[in-house]
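Biologist: Before I plan around this complex, I would like to go through its helices and its interface with you, one question at a time.

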Amino acid sequence: MREKEKLAYLETLLFETYHLRRASEELPEGWREKVMREIRNIRLNESTNQTFLERWFGNPILFRFAGVCLPCALSLMLFFILTGGVSLGLDRLVIGNPAGIATLAVFVP
Amino acid sequence: MTENGEDALVIERILNGDTDAFEILLKKYQDTVTKIVVAKVPYCHMSEVTQDVFIRAFKSLSSYRGGESLESWLKTIAVRTCCDYWRAKYRNQETPMSSLSESARHWVASACADGAKNVLNGDSERMELREILDWALDHLSPTDRMVVLLLYFDGYSLRETSMALGISIANVKIRAHRSRKKLRHALVSLI
């Protein structure tokens, strides 16, 4: 056979193999019962009716993480505003240092 | 009552807390889903992936809008679950591109030399062919693998393939073209 014919032949065989596999296999006995057991363990309303935020913050680990991080983030922000504003000159503030601009917003008025 | 209507009633029961009603859907669509999964993942993982399909379907049942039939909705979930299976496999490097065994290479050479041979009669020959098929498909990315299987092996249309995988028709065409080239290249190296 020429290469093209060999390739076509091999492709046909693989195609048939795929469909044989498809027709021959079955799920093991007791499979459905196992799935139903899993399904019963899932609390449908919790998993489906929650909003994105509820799902995230309903997670105790994430909630704790967010709870700890929020004061940290605010303190850090304040720290940068104060130190950034004090240490940088006015020209730097005007150029667009966000910490400096925030300081101006706080102190100038 | 139409089939969609019957399914809608069952879904309503499930969403109202009657979890056991899901077994009705499970019985009804088990074969449909299995037929999709069986040829796309290794046999040893078939039941596990089929289970994942139904668990995913159960979890997102409230998002099923009823515009399409439940069967095609489940088929889409099945195809995407198979695709995710391969993504996870590739990511975990559990199946690095396998090298083909010497016996399989030898088998190809002899089968091609004798084209008239009825090769699908023996179990051992089927095993060799399965190995070759898996080896050839291992050359493709998870999405490309699914494109090839759906489009060429399962006979899905371009539109159906794009819907099942959530990619555009143009993307399906490009992936199909590239994958065909890759597969041909791999198979030519065997003969």
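Biologist: Is the crossing of H3(B) and H4(B) left-handed or right-handed?

Modeller: This is a predicted model, and in it the axes of helix H3 (residues 46-59) and helix H4 (residues 70-92) of chain B come within 9 Å. The handedness computed for the crossing of H3(B) and H4(B) is right-handed.

Biologist: Why does H3(B) count as oblique to H4(B)?

Modeller: The two axes cross at roughly 125 degrees. Angles of 65 to 115 degrees would count as roughly perpendicular and those over 145 as roughly antiparallel, so H3(B) relative to H4(B) is classed as oblique.

Biologist: How many nonpolar residues are there in the contact of H3(B) with H4(B)?

Modeller: On the H3(B) side the contact includes Val49(B), Val53(B) and Ala57(B), along with Asp52(B) and Arg56(B), and these meet residues of H4(B), among them Leu74(B), Ile77(B) and Tyr85(B). By class, the contact has 2 charged residues and 1 polar residue, while the number of nonpolar residues is 8.

Biologist: Turning to the contact between the chains, which element gives the most to the side of chain A that touches chain B?

Modeller: The contact takes 30 residues from chain A and 36 residues from chain B. On the side of chain A, the elements that give two or more residues are helix H1 (3-24), helix H2 (31-41) and helix H3 (44-48) of chain A. That side has 17 nonpolar, 4 polar and 9 charged residues, and the element that gives the most, with 14 residues, is H1(A).

Definitions and conventions
Residues numbered from 1 in each chain as written. Chains lettered and ligands numbered in written order. Predicted model: local features only at pLDDT ≥ 70, side-chain atom pairs only at ≥ 80, totals over all residues. Contact = placed C-beta atoms within 7 Å. Helix = DSSP H or I, 4+ residues; strand = E, 2+ residues; numbered from the N terminus. Nonpolar A, V, L, I, M, F, W, Y, C, P; charged D, E, K, R; others polar. Axes fitted to C-alpha atoms, helices over the stretch in contact; angles between N-to-C directions. Parallel < 35°, antiparallel > 145°, perpendicular 65-115°, else oblique. Left-handed = near helix turned anticlockwise from the far one by under 90°.
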